[in-house]
Amino acid sequence: MRSRPAQDFAARRSRLFDSVTFARLCRARDYLGVRYRDRITLEHAASQACLSPFHFNRVFTQAFGETPHEFVTRVRIEEAKKLLLADNHRVTDICFEVGYESLGSFSTRFSSLIGLSPARFRRESRRLFGGFGTRWPLYYIPACYQQFFVGPV
Amino acid sequence: MIQRLSHTTIYVLDQDAARDFYVNKLGFEVRMDASMDNGFRWLTVGPKGQPDLQLILMKVDGPNMQPDVAATLRDLLTRGKLGGGVLQTSDCRKTYEELKAKGVEFLSPPKEQFYGVEALVKDNSGNWFSLTEPKN
């Protein structure tokens, strides 16, 4: 139920960047991370880094191991997961909340990255962690850490 | 065969202070910050250039930690005996100056080593890290 194989990031990451370029890329990435609900064009994101769209797309991928589009998608899906875990909002509402304009494309993307539909993800999580409330962070905590550190909840 | 490290634990004295240090001083991002009913707080951060690694900022005296173990960890941190790892940068001297200006404490300034340029930096709980600019 993890959203992205970790080896994908490492496979694409190739080098350290000079601090000016890296700071620019981080600025654009932060911008995308905050505005993930909005429809941001590649040109607009690239302008945050003062780079051309093509160059921005290439160096962003080299620096962070994912394209800008993949980054925004990952942020959206991670936010959707938290909303699905933490409360009983309708899947359609969550879809719009995280920036998708169609339930079909949200469900398809969610299923392809997580391996379960949003509704099934919620069902399985509730079964594992006992419903909504404050137990949902257990989803993110590996079982070994739960055993050693969390204690009774 | 083991291929990646995805999570690793950094013991900290105070999670709020640690979050502030790693985010606002080192420039890391918060990956997860969630609290549970029993007081346990799952707080993870990571460098922006490494989305697949989570540093778990674990409070030394969490809900399931025996008091004597917590006291030992606290003592080790206070005495500077716990090292957190190696942080990489493309320019150690520049990063050193930037972090110094933010009030970050260093145990040693940048020095030429056979593998690159290295400084020793300390977080606000007492964990030390190598800050390394690798050759090539």
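Me: How many helices and strands does chain B have?

Reply: This is a predicted model. A chain can be summed up by its helices and strands, and chain B has 3 helices and 8 strands.

Me: In what pattern do they follow along the sequence of chain B?

Reply: Read along the sequence, the pattern of chain B is β-α-β-β-β-α-β-α-β-β-β.

Me: What does the radius of gyration say about chain B?

Reply: The idea is to set the value beside that of a compact globule with the chain's number of residues. For 136 residues such a globule would have a radius of gyration near 14 Å, and chain B, with 16 Å, agrees with this. The C-alpha trace of chain B spans about 45 × 35 × 35 Å along its principal axes.

Me: Which elements of chain A give two or more residues to the side that touches chain B?

Reply: Start with the extent of the contact: 26 residues of chain A are in contact with 24 residues of chain B. On the side of chain A, the elements giving two or more residues are helix 1 (6-12), helix 2, helix 4 (53-64) and helix 9 (143-150). Helix 1 of chain A gives the most, with 4 residues. By kind, this side of chain A divides into 17 nonpolar, 5 polar and 4 charged residues.

Me: How do helix 2 and helix 5 of chain A pack, by angle and by distance between axes?

Reply: Helix 2 (residues 19-34) and helix 5 (residues 68-86) of chain A pack at an angle of about 40°, and their axes are 9 Å apart. Angles from 65 to 115 degrees count as roughly perpendicular and those under 35 as roughly parallel. Helix 2 and helix 5 of chain A are therefore oblique to each other. The crossing of helix 2 past helix 5 in chain A is right-handed.

Me: Which residues meet there, in helix 2 and helix 5 of chain A?

Reply: From helix 2 of chain A come A:R29, A:L32 and A:G33; from helix 5 of chain A come A:P68, A:F71, A:V72 and A:V75. The residues of this contact between helix 2 and helix 5 of chain A are 5 nonpolar, 1 polar and 1 charged.

Me: What are the domains of chain A?

Reply: The domain assignment gives domain 1 (6-70) and domain 2 (71-150) of chain A. The centres of these two domains of chain A, taken over C-alpha atoms, are separated by 25 Å.

Me: How many residues of domain 1 of chain A are in contact with domain 2 of chain A?

Reply: In chain A, 12 residues of domain 1 are in contact with 8 residues of domain 2. Helix 2 and helix 5 of chain A are the elements that give two or more residues to the domain 1 side. That side of domain 1 of chain A divides into 4 nonpolar, 3 polar and 5 charged residues.

Technical notes. Residues are numbered from 1 along each chain as its sequence is written. Chains are lettered from A and ligands numbered from 1 in the order in which they are written. This is a predicted model: local features need pLDDT of at least 70, side-chain atom pairs count only at pLDDT 80 or more; totals for chains, interfaces and linings use all residues. Axes are lines fitted to C-alpha atoms, for helices over the stretch in contact, and angles run from 0 to 180 degrees between N-to-C directions. Angles under 35 degrees count as roughly parallel, over 145 as roughly antiparallel, 65 to 115 as roughly perpendicular and the rest as oblique. A crossing is left-handed if the near helix is turned anticlockwise from the far one by less than a right angle, and right-handed if clockwise. Two residues are in contact if their C-beta atoms, placed from the backbone, lie within 7 Å. Ala, Val, Leu, Ile, Met, Phe, Trp, Tyr, Cys and Pro count as nonpolar, Asp, Glu, Lys and Arg as charged, and the others, Gly among them, as polar. Domain bounds come from an automatic or database domain assignment. The radius of gyration is taken over C-alpha atoms; the globule rule is 2.2 Å times the number of residues to the power 0.38.
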